[in-house]
Amino acid sequence: MQNLQKNIKPRLHFTPFQTIVFGFMAAILIGALLLFLPFSTKTGESTSFFDALFTSTSAVCVTGLVVHDTATHWSLFGQVVILILIQIGGLGVVTMAGFLAIISGRKIGLFARNTMQEALSAHKMGGVLKLTKFILFSSFMIEALGAIFLSPVFVKDFGLWKGIWYSLFHSISAFCNAGFDLMGVRGKFSSLTSYSTSVLVNVTIIVLIVVGGIGFLTWDDIRTNGIHLRKYRVQSKIIFTVTFVLILFPFLFLFFHEFSDLPMKERVLLSLFQSVTPRTAGFNTADYSAMSESGEAMTVLLMLVGGSPGSTAGGMKTTTIAVLVLSAFAVFRRNGDAQCFGRRVMDDAVKAAGAIFFLYLFLALSGALALSTIENLPFLTCLFETSSAIATVGLSFGITPALSVVSKSILIILMFMGRVGGLTLIYATVSRRGTMAKLPQERITVG
């Protein structure tokens, strides 16, 4: 009996973080295999598996960097696959798996609930199923409304059925902060530049990006507390504040510096759209390669900040930047703790924010250095591309299709890490071994 027990292999046990990582990997691989099929392209010829893998990674990681124009290269089947991958990646693999379990009536155990809690960045496990149902229902409703608002323009330009498809595709892509578009029929890799003066298209896409990027827990606060802002979580208050600041100041910079010679209507729309889309949607109505270096640098910073926790957006997150700024002010004022809205920020949050900031900055800079060395391209151009990848944005100077396999592989890794999250990957790889023992302290002077 003892020998029999020794021969029995123990069941594999994944942590919630490992489940999230493997879930994204599985979705990417399945998507790559589907896009590799001959009927996924308009020509009926198979795309190279590496390009299919790059496209699938970009879609699942809701980035938007592409090696082939989505409208002109992929067939309707290929475009549907990409859209499904965007939806899975935007709402999260675990959330979509939970959705399938809910509609099939399957019982969801404690481990699955814990994994859903981590995937949604929820503060507690209780009520996570109810929160998931609310997120899914609200997401589908918002995407449907977005498609309805876009349809008058796209139906007029492309006909009834194609216009409806374009409206749905761009609504889901915008809400999921993916940046994939079908406007290659107007010009390859042109994004939404042909609609730079359309108020309806600009406003609808902007609203979808912002709503998708503020985070699911913020939605829950809005649903629960309505207009009573004082009752909101501190996290939601921080998200609203930082989001407003990161839209207002870039808008003013672009309005007075980049687009000052344009007519007022176009100037306002271009400035507003380009202040929103870097965090982290990837659409553009202006040519970023024609911007000044200061405008490009500001866009890189916006891309790295990204959206908010538990949202469809990537990047370091608005709360990370807020915690770092609050911590810096606490040091300047010689206060013991970072404070905000009458609450004290926990030390664990400050440490995590510092780790995330270092990780994203290191990956973006080292990736840019590698691309610049391999491709012999300007460093800022490469930094724009790597920042777009790690922050899952999708904005580009157009160099991605011409990059070598090695450089594209670097972007694939950055996109995956940006969507899954650097800390999630670390937690999934490194087992936590707690100990009550502590080493002696030593004072280190910094600054």
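User: Which residues of helix 5 are buried?

Analyst: Keep in mind that this is a predicted model. A residue counts as buried under 20% relative accessible area. In helix 5, the buried residues are Gly 78, Gln 79, Val 81, Ile 82, Leu 83, Leu 85, Ile 86, Gln 87, Gly 89, Gly 90 and Leu 91. To read such a list, use the helical repeat. An α-helix has 3.6 residues a turn, so residues three or four places apart point the same way.

User: What span does helix 5 have from its first C-alpha to its last, and what is expected?

Analyst: Helix 5 covers residues 76-91, which is 16 residues. Its end-to-end C-alpha reach is 23 Å, close to the 22 Å expected at 1.5 Å a residue. Just after helix 5 comes Gly 92, with a positive phi of about 105°.

User: How do helix 2 and helix 5 pack, parallel or antiparallel?

Analyst: Read the angle between the N-to-C directions. Helix 2 (residues 16-36) and helix 5 pack at about 175°, and their axes are 10 Å apart. An angle over 145 degrees counts as roughly antiparallel, so helix 2 and helix 5 are roughly antiparallel to each other. On the helix 2 side, the contact is made by Phe 24, Ala 27, Gly 31, Leu 34 and Leu 35. Helix 5 contributes Phe 77, Gly 78, Val 81, Ile 82, Leu 85 and Gly 89. By class, the residues of this contact are 8 nonpolar, 3 polar and no charged.

User: What packs against the buried residues of helix 3?

Analyst: Take the helix itself, then its partners. Helix 3 (residues 49-60) has 12 residues and reaches 16 Å, close to the 16 Å expected at 1.5 Å a residue. Helix 3 is mostly covered, with 9 of its 12 residues buried. Among them are Asp 51, Phe 54 and Thr 55. The buried residues of helix 3 pack against helix 2, helix 5 and helix 18. Just after helix 3, Val 62 has a positive phi of about 40°.

User: Lys 408 carries a charged side chain. Is Lys 408 buried or exposed?

Analyst: Check the accessibility rather than the residue type. Lys 408 has 9% relative accessibility, so it counts as buried. Lys 408 is in helix 18 (residues 405-420). Beyond residues up to four places away in sequence, Lys 408 touches Phe 50, Asp 51, Phe 54, Val 67, Thr 400, Pro 401 and Leu 403.

User: And Leu 411, what does it touch?

Analyst: Leu 411 also lies in helix 18. At 0% relative accessibility, Leu 411 counts as buried. Apart from neighbours within four places in sequence, its contacts include Phe 54, Leu 65, Leu 371 and Glu 385. Leu 411 and Leu 371 are 40 residues apart along the chain, with their C-alpha atoms separated by 9.3 Å.

User: Where is Phe 169, and which residues are in contact with it?

Analyst: Phe 169 is in helix 9 (residues 160-175). Its relative accessibility is 0%, so Phe 169 counts as buried. Leaving aside neighbours within four places in sequence, Phe 169 is in contact with Thr 70, Gln 79, Ile 82, Leu 83, Phe 180, Asp 181 and Leu 182. Phe 169 and Ile 84 are 85 residues apart in sequence and 9.8 Å apart, C-alpha to C-alpha.

User: How many of the contacts in the protein chain join residues 24 or more positions apart?

Analyst: Count contacts with a separation of 6 or more, and such pairs account for 68%. Of the 447 residues, 53% count as buried. The chain has 19 helices and 2 strands.

User: Now the backbone. Which peptide bond is cis?

Analyst: Most residues other than glycine have a negative phi, and most peptide bonds are trans. Here the bond from Arg 279 to Thr 280 is cis, with omega near -10°. Thr 280 is in the loop between helix 13 (264-276) and helix 14 (293-305).

User: Asn 177 and Phe 341 have positive phi values. Where does each lie, and is each buried or partly exposed?

Analyst: Asn 177 has phi near 55°. Asn 177 lies in the loop between helix 9 and helix 10 (199-213), and it is buried, with a relative accessible area of 0%. Phe 341 has phi of about 50°. Phe 341 is in the loop between strand 1 (339-340) and strand 2 (343-344). With a relative accessible area of 42%, Phe 341 is partly exposed.

Terms used
Residues are numbered from 1 along each chain as its sequence is written. This is a predicted model: local features need pLDDT of at least 70, side-chain atom pairs count only at pLDDT 80 or more; totals for chains, interfaces and linings use all residues. Side-chain values use heavy atoms; hydrogens and water are left out. Helices (H or I, at least four residues) and strands (E, at least two) are DSSP runs, numbered from the N terminus. Buried means under 20% relative accessible area, exposed over 50%, partly exposed in between (1.4 Å probe, protein chains only). Contact means heavy atoms within 4.5 Å. The expected span of a helix is 1.5 Å times one less than its number of residues. Axes are lines fitted to C-alpha atoms, for helices over the stretch in contact, and angles run from 0 to 180 degrees between N-to-C directions. Angles under 35 degrees count as roughly parallel, over 145 as roughly antiparallel, 65 to 115 as roughly perpendicular and the rest as oblique.
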